[in-house]
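Biologist: I would like to learn how to read a structure, one feature at a time. Can we begin with a single pair of side chains?

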Amino acid sequence: MTARRWDLFCNVIDNFGDIAVSWRLARQLHVDHGLAVRLWVDDLATFHRLVSGVDATARVQHVDGVEIGHWTPDADLGEPGDVVVDVFGSRAPDAFVERMARKAPPPVWINLEYLSAEDWVEDCHGMQSPHPQLPIVRHFFFPGFTEATGGLIEERDLALDRFSFLRDPAMAAAAWAGWHFDPPAAGTTVVSLFGYGGPSVASMLEAWASGDAPVCGVLPPSRMSRDVLAFFGVDGALPGTRLVRDALEVRTIPFQTQAGYDRLLWLSDCNFVRGEDSFVRAQWAESPFVWQIYPQEGGAHWTKLHSFVNTYGEGLEEDARDAVREFWRLWNRGETSAANLGHAWRRFWSWRDDLRAHDAGWAAHLRTIGNLTENLVRFSAARI
Ligand code: TRH
């Protein structure tokens, strides 16, 4: 039986990743699967910054067919749906869980976890955790990169939209014009720049500026922006600003819609991404990418980073995989030497054709796992 009504709980910890993934999931459940979705979010201001159509002050609103509720301690959450999903460590409130346990049959209760390529994920995907007092069970659902995981979110039309965009140069020109720029000259390496910032930004920009190949960085606002602007000796720059030093040009653009951000990834030769969702979108873009992982206490993120390179790098020539690992390692550790980072970049970039081919194969592999939303619908239907 398909579960018709879904409740999603999203507790925004920081940044955009939590709400970005929750919103994609909510929309896809509704748009691609025709399900009734209520998305409970505790931080509408961040949601509004990501999706401008969201009203940061409304207790309840409908956007793209999804009901969005402001999740506050006194919010009336109503009756639970057929499936309840706690996204990324969120937890439906106790009173709501009690109502879930009283419902006959009780909803399928899912804990949607963070993305990781570590081996233990396969063992934990689908595991059950009974509530200590109530007759209800929580199921762990792990996104991932292998058959034994829940896969990644990919909208039904995404591959087709990308294909249509790439085969029509007028669409790329329209994207550049929308940002008030001409397309970069042929032979320029276009890199999209999104990240948490840190010392490696100045080193990278220095290496590009002093290189002999033209590089065009495209910069939507993020924590990385202040480091980029500091490199050019400016405090601020409106969208549409061109900053130039030697072989490097940086173009500032406004914060994009989620669809606009995908287009930026599609028209770039290399994408610098971060966290979880932009990292996944870069993989659907099928171009070389550089991942700045969300730093965790005690350095736990390094294991995650290396696990991903091991999994993703299968099938790449050993030197290409090492080049990816080394460049990503320096980028993430905040390399302060432009010479070191420039060397690692040139080695990484010398593999660009192989990486591009590998990335297409990688996306095809990811598609064989099925997309996360579909897998989640199937998983819950089997347990209702
Ligand atoms: O914002 P993030 O750093 O989110 C992080 C991670 O998800 C991390 O795992 C989590 O623990 C932490 O938050 C709390 O990076 P992420 O996941 O890439 O999310 C950024 C989103 O912003 C992504 O959906 C892309 C989107 N985006 C736009 O829509 N427009 C833009 O112009 C840009 C630059 C990004």
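Modeller: Begin with Arg-378 and Glu-374, whose side chains meet in a salt bridge at 3.5 Å, N to O. A salt bridge is a side-chain nitrogen of Lys or Arg within 4 Å of a carboxyl oxygen of Asp or Glu. This is a predicted model, where local features need pLDDT of at least 70, side-chain atom pairs count only at pLDDT 80 or more, and totals for chains, interfaces and linings use all residues. Residues are numbered from 1 along each chain as its sequence is written, and side-chain values use heavy atoms, leaving out hydrogens and water.

Biologist: How many residues apart in helix 15 are Arg-378 and Glu-374?

Modeller: They are 4 residues apart in helix 15 (residues 372-381), so about one helical turn separates them. Helices (H or I, at least four residues) and strands (E, at least two) are DSSP runs, numbered from the N terminus.

Biologist: Is Glu-374 buried or partly exposed?

Modeller: Buried means under 20% relative accessible area, exposed over 50%, and partly exposed in between (1.4 Å probe, protein chains only). Glu-374 has a relative accessible area of 30%, so Glu-374 is partly exposed.

Biologist: What does the salt bridge of Glu-154 and Arg-367 tie together?

Modeller: Their side chains meet at 2.8 Å, N to O. Glu-154 lies in the loop between strand 8 and helix 5, and Arg-367 in helix 14 (residues 352-368), so this pair links parts 213 residues apart in sequence. Glu-154 is buried at 10% relative accessibility, while Arg-367 is partly exposed at 31%. A search of the whole structure finds 20 salt bridges.

Biologist: Now the nonpolar side chains. How many residues has the largest nonpolar core?

Modeller: A nonpolar core is a set of buried Ala, Val, Leu, Ile, Met, Phe, Trp, Tyr and Cys residues joined through side-chain atoms within 4.5 Å. The largest one has 73 residues, and Trp-208, Phe-272 and Trp-345 are among those with the most contacts inside it. Helix 12 (residues 318-333) gives the most to this core, with 7 residues. Apart from it lies another core of 37 residues, among them Trp-6 and Leu-376.

Biologist: Which residues come nearest to the ligand?

Modeller: A residue is near a molecule if one of its heavy atoms lies within 4 Å of it. Of the 22 residues around the ligand, Phe-16, Tyr-196, Gln-256, Asp-277 and Ser-278 come nearest. An oxygen atom of the ligand is 2.9 Å from an N or O atom in the side chain of Arg-274. Taken alone, the ligand exposes 710 Å², and the protein buries 98% of that. Accessible areas come from the Shrake-Rupley method with a 1.4 Å probe; for residues, only the protein chains shown count as cover.

Biologist: Last, the backbone. Where is the cis peptide bond?

Modeller: The cis bond joins Ala-104 and Pro-105, with omega about -10°. Pro-105 is in the loop between helix 3 (94-102) and strand 6 (108-112).

Key. Polar contact = N/O pair within 3.5 Å; in protein donor to acceptor, adjacent residues only side chain to side chain.
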